[in-house]
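Here is a short report on one protein model. Please read it with the sequence and the 3D view at hand.

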Amino acid sequence: MELLCDPRRVPIPPNTQFVIARLVLEFRAEMHWPGTVEIGTRVERVGRSSVTLAQALFVHETCVAIAESIVALMDMTTRRPTLLPEETAEALRAMGWPNSRRVVDSLRP
């Protein structure tokens, strides 16, 4: 969410915010606290009011988890999804990678 809450990277209209609508997390190895986790995030798909993100979590260069989340832009007054402005959609598309689906699939066992 840190990535989506930076208006310099992803501009959003006033009175809106991103909310997690779906999160699938697959653990691949143990993680221990305290510790440091590096997270790689990329945009998989930009929809009309949401964006799908793929993430991989690493500890000491070992992939310990993969995640896919759908994050929707919500109008804070109506509490309903709202369309992504073109400026927002373009900023999100710029964070994508043309072959990103193949990379996530290659991380699966």
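Which pattern does the protein follow, read along the sequence? The order is β-β-β-β-β-α-α. In total, the secondary structure comes to 2 helices and 5 strands. Helices (H or I, at least four residues) and strands (E, at least two) are DSSP runs, numbered from the N terminus.

This is a predicted model: local features need pLDDT of at least 70, side-chain atom pairs count only at pLDDT 80 or more, and totals for chains, interfaces and linings use all residues. Residues are numbered from 1 along each chain as its sequence is written, and side-chain values use heavy atoms, with hydrogens and water left out.

**Burial and contacts**

The protein has 109 residues, and 33% of them are buried. Buried means under 20% relative accessible area, exposed over 50%, and partly exposed in between (1.4 Å probe, protein chains only). Take contacts between residues at least 6 apart in sequence: 59% of these join residues at least 24 apart. Contact means heavy atoms within 4.5 Å.

**Helix α1**

Helix α1 spans residues 86-93, and its buried residues are T88, A89, A91 and L92. Seen down the axis of α1, these residues fall within an arc of 160°, so they line one face of the helix. The arc is that of the directions from the helix axis to the C-beta atoms. An α-helix has 3.6 residues a turn, so residues three or four places apart point the same way. What do the buried residues of α1 pack against? Their partners are β1 (16-27), β2 (38-46) and β3 (50-59).

A56 lies in strand β3. A56 is buried, at 9% relative accessible area. Its C-alpha atom is 9.6 Å from that of E26, 30 residues away along the chain.

E44 sits in strand β2. E44 also counts as buried, at 17% relative accessibility. The side chains of E44 and R42 make a polar contact of 3.3 Å. A polar contact is a pair of N or O atoms within 3.5 Å; within protein, one must be able to donate a hydrogen and the other to accept it, and residues adjacent in sequence count only if both atoms are side-chain atoms.

**Pockets**

On a 1 Å grid over the protein atoms alone, a pocket is an open set of points where a 1.4 Å probe fits, with protein on both sides within 12 Å along at least five of seven lines; lining residues have an atom within 4 Å of a point.

| Pocket | Volume | Lining by class |
|---|---|---|
| Largest | about 260 Å³ | 8 nonpolar, 3 polar, 1 charged |

β1, β2, β3 and β4 (62-75) each supply at least two residues of the lining of the largest pocket. Among the residues there are M1, I20, I39, L53 and V71. The lining of the second largest pocket includes W33, G35, F58 and H60.

**Backbone details**

H60 has a positive phi of about 50° although it is not a glycine. H60 lies in the loop between β3 and β4 and is exposed, at 75% relative accessibility. N15, not a glycine either, has a positive phi of about 65°. N15 is in the segment before β1 and is partly exposed, at 39%. Where is P34 placed? P34 is in the loop between β1 and β2. The peptide bond from W33 to P34 is cis, with omega near -5°.

Key
Grid points are joined across faces, edges and corners, and a volume is the space filled by probe spheres set on the points. Ala, Val, Leu, Ile, Met, Phe, Trp, Tyr, Cys and Pro count as nonpolar, Asp, Glu, Lys and Arg as charged, and the others, Gly among them, as polar.
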